[in-house]
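Thank you for making time this morning. I would like to walk through one structure with you, starting with charged pairs and then moving on to the fold, the core and the surface.

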Amino acid sequence: MTELMESNIKKNYVFSFLMNFRLSSGLWMIYMASRGMSLTQIGFLEGIFHVTSLTMEVPTGSIADLFGRKLSRSMGRCLSFASILILIGSTSFLHFTAFMILAALSYNLESGSGEALVYDSMKYLGREDRFMSVLGKQEAVFQVSSVGALLLGGLLGTFDYHLAFWTSVGIIGFSIFYSLTFTEPPISESETRNPKSLLGFFVQISESFTLILGDRKVSFLIFFVQAILAFSTCIFFYMQNYWKGLGRNEFQIGVFLAAGSFLAGLVAMKVQRLSHLLKEKKVLIILPLISVASMWGVALCSNKLPFFMVVTMIEAMLFVAGNDYINKLIPSRSRATIISFASMMYSLVMIVFFPIFGRIADRVSFGVAFFSLAVAATFLYVISMYLLKRIT
């Protein structure tokens with residue numbers, strides 16, 4: 001069993017690469033615009049993605065806790081396969097809605113299960129104290145994969161969007177079979193109280209929610225970290241259309257996005273060292289502050305690329321650090337469900353801000369939209385620092 005758990009950790013690096021090698025990630029907003037969707041409609045479509053994610057995040061996390069992380073991952077890959085096929089044939093708002101719903105469900109099924117599978121594999125091996133290092137390496141692999149996907153997707157997109165999408169079909173199809181090679185990590189009987197039934201399903205959600213409400217630190221980490229990550233994602237996606245409006249082609253945009261991902265991958269591996277140096281509280285103060293300051297750079301400076309890169313780097317670092325801090329505070333029996341609660345918070349922020357941002361960019365300008373996002377991020381940071389002071 002020890003060899004199988006060690007194999008899970010190694011295999012997860014390959015799976016992370018495959019999962020994030022999405023050639024559509026730097027193209028889908030531009031592709032939707034080419035199909036007649038306005039920025040407002042694109043904002044609503046992203047909102048649909050996150051409404052779906054908000055409502056289904058916790059139930060899918062419970063599936064991973066009750067029925068297995070491996071099963072949840074494989075189901076997620078299958079839905080991702082279906083979603084990209086729908087994207088290829090999409091010509092209307094309704095078609096893109098179906099794509100977004102399936103893509104959200106795919107994301108939901110992976111969001112808690114993958115991390116829980118790795119953490120519990122390390123817990124079985126007695127190495128959970130090294131989880132931040134493993135998560136940092138995984139994030140680096142994730143970002144390297146993103147670099148390759150953005151560059152290749154941008155290159156193929158300059159010729160034909162569908163060429164990039166069909167290549168994704170083949171990659172996702174292979175990842176489905178690869179997901180079946182993982183071994184379900186064992187969990188002690190004391191941590192598997194809830195039966196695999198409809199009643200156990202609701203009990204699992206209720207217990208996990210109670211755990212979150214009963215621990216102010218877990219609640220804070222879920223709220224604050226996910227909100228900052230959501231703001232960073234808004235910038236990542238809308239910068240694509242901003243650069244397109246300046247006359248950049250798909251490959252040039254892919255290079256810009258890839259540069260941010262490459263740097264994010266480099267710094268993600270250094271998060272554990274940084275956390276040891278600064279300690280948890282200072283990490284939660286300094287990293288978000290740099291991110292918010294960079295959002296102001298995006299809003300106020302004509303050359304937005306350097307600030308975009310910093311936002312992308314801090315997002316990767318905060319993701320690694322925040323998830324490690326949360327995992328140390330929660331039990332295995334509720335791990336995937338509670339991680340899904342965190343993703344639900346992310347979706348809630350995206351539901352509110354992504355469509356508003358698109359509306360402002362549509363009706364006024366990107367400049368005003370970026371400025372509005374920086375103001376909101378500053379307000380969030382001030383409130384969160386007050387809460388952090390109260391709980392520490």
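Let me begin with a term: a salt bridge here is a side-chain nitrogen of Lys or Arg within 4 Å of a carboxyl oxygen of Asp or Glu. Please keep in mind that this is a predicted model, in which local features need pLDDT of at least 70 and side-chain atom pairs count only at pLDDT 80 or more, while totals for chains, interfaces and linings use all residues. Residues are numbered from 1 along each chain as its sequence is written, and side-chain values use heavy atoms, with hydrogens and water left out.

By that rule, the count comes to 5 salt bridges, and I will go through some of them. In one of them, Glu 280 pairs with Lys 217, and the closest N and O atoms are 2.8 Å apart. Glu 280 lies in helix α12 (residues 271-300) and Lys 217 in helix α10, so this pair ties together parts that are 63 residues apart in sequence. Helices (H or I, at least four residues) and strands (E, at least two) are DSSP runs, numbered from the N terminus. As for accessibility, buried means under 20% relative accessible area, exposed over 50%, and partly exposed in between, with a 1.4 Å probe and protein chains only. On that scale Glu 280 is partly exposed at 23%, and Lys 217 is partly exposed at 33%.

Asp 120 forms a salt bridge with Arg 69, with 2.6 Å between the closest N and O atoms. Asp 120 belongs to helix α6 and Arg 69 to helix α4 (residues 69-89), so the pair ties together parts 51 residues apart in sequence. Are these two residues, Asp 120 and Arg 69, buried or exposed? Both Asp 120 and Arg 69 are buried.

A further salt bridge joins Arg 127 to Glu 6, the closest N and O atoms being 2.8 Å apart. This pair links distant parts of the chain, 121 residues apart, with Arg 127 in the loop between α6 (113-125) and α7 and Glu 6 in helix α1 (residues 2-20). Arg 127 is partly exposed at 30% relative accessibility, and Glu 6 is partly exposed at 27%.

Turning to the fold, the chain has 15 helices and 0 strands. Its C-alpha atoms fill a box of roughly 60 × 45 × 35 Å along the principal axes, and buried residues make up 57% of the 392 residues.

What does the interior look like? The largest nonpolar core has 114 residues, and among the members that touch the most others are Phe 165, Phe 231 and Trp 243; such a core is a set of buried Ala, Val, Leu, Ile, Met, Phe, Trp, Tyr and Cys residues joined through side-chain atoms within 4.5 Å. Helix α10 (residues 216-245) gives the largest share of this core, 19 residues. Leaving aside neighbours within four places in sequence, Phe 165 is in contact, meaning heavy atoms within 4.5 Å, with Ser 24, Leu 27, Tyr 31, Ile 84, Leu 87 and Ile 88.

Let me finish at the surface with one more residue. Phe 159 sits in helix α7, and Phe 159 is exposed, with a relative accessible area of 65%.
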